[in-house]
Amino acid sequence: MPDTAYTDWIEYPHAQLRFVLETQRGTSTRFLVQLEYCVEGEWRPVVHFDHNPDGTYGHDLTEEGLHMDIYRDGEQHLVRQDFPPVELSNAPDYCESYIKTEASRLLRRYEQWHNLTTDR
């Protein structure tokens, strides 16, 4: 069960940030920071960062470094790996800050890829 889980509007009502963090004795054991776009009433991933070393398809930030999965047409399209080294304890906050800072650019690309328009 997550220690912290919330969503936060990035661009109401079509884009949100999903944040999930699990810790054990103060150390992150799993996190997900994901930018999502609502298409036809369904939240779809735009990009996400994650750390889940025990998951079937999980990643271990301490071994692999920080990476961001980029989604197109409902599937992982690209993986961006050129991030600076980030300590596991700082990674969830770093990822949230990165997505919030880059959200407009990431969302416009997603809209272009999927021929989506919104009233801004």
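This report describes selected strands, the nonpolar core and the salt bridges of a predicted model.

## Basis of the model

Because the model is predicted, local features need pLDDT of at least 70 and side-chain atom pairs count only at pLDDT 80 or more, whereas totals for chains, interfaces and linings use all residues. Residues are numbered from 1 along each chain as its sequence is written, and side-chain values use heavy atoms, with hydrogens and water left out.

Helices (H or I, at least four residues) and strands (E, at least two) are DSSP runs, numbered from the N terminus.

## Glutamate 36 in strand β3

Glutamate 36 is located in strand β3, which covers residues 27-39. The residue counts as buried because its relative accessibility is 3%; buried means under 20% relative accessible area, exposed over 50%, and partly exposed in between (1.4 Å probe, protein chains only).

The side chain of glutamate 36 takes part in polar contacts. Apart from neighbours within four places in sequence, the residues in contact with glutamate 36 (heavy atoms within 4.5 Å) are His14, Ala15, Gln16, Arg18, Trp43, Arg44, Pro45 and Val46.

## Threonine 7 in strand β1

Threonine 7 belongs to strand β1, residues 4-11. With 42% relative accessibility, threonine 7 counts as partly exposed. When neighbours within four places in sequence are set aside, threonine 7 is in contact with Gln16, Leu17 and Arg18. Leucine 61 is 54 residues away from threonine 7 along the chain, and their C-alpha atoms are separated by 23 Å.

## Strand β5 and its partners

Strand β5 consists of residues 68-72; four of its five residues are buried, so the strand is largely enclosed by the rest of the structure. Two strands pair if DSSP finds at least two bridges between them. Strand β4 (residues 42-51) is joined to β5 by two bridges, and these strands run antiparallel. Here histidine 48 stands opposite aspartate 69 in β5.

Strand β6, residues 75-80, also pairs with β5 in the antiparallel sense, over five bridges. Tyrosine 71 has glutamine 76 in β6 as its bridge partner. The hairpin formed by β5 and β6 has two residues between the strands, and aspartate 73 in the turn has a positive phi of about 55°.

## The largest nonpolar core

A nonpolar core is a set of buried Ala, Val, Leu, Ile, Met, Phe, Trp, Tyr and Cys residues joined through side-chain atoms within 4.5 Å. The largest one has 28 residues, and those with the most contacts inside it are Phe31, Val46, Val47 and Phe49. The elements that give two or more residues to this core are β2 (15-24), β3, β4, β5 and α2 (91-114). Helix α2 provides the largest share, nine residues. In soluble globular proteins, nonpolar side chains tend to be buried together.

With residues up to four places away in sequence not counted, valine 46 touches Leu35, Glu36, Tyr37, Asp69, Ile70, Tyr71, Leu106, Leu107 and Tyr110.

## Salt bridges

The whole structure holds nine salt bridges, each defined as a side-chain nitrogen of Lys or Arg within 4 Å of a carboxyl oxygen of Asp or Glu. One of them links lysine 100 and aspartate 8, at 3.2 Å from N to O. Lysine 100 lies in helix α2 and aspartate 8 in strand β1, so this pair ties together parts that are 92 residues apart in sequence. Lysine 100 counts as partly exposed at 39% relative accessibility, as does aspartate 8 at 29%.

Lysine 100 also forms a salt bridge with glutamate 96, with the closest N and O atoms 3.4 Å apart. Both residues lie in helix α2, four residues apart, about one turn of the helix. Glutamate 96, at 12% relative accessibility, counts as buried. Salt bridges that share partners join Asp8, Glu96 and Lys100 into one network.
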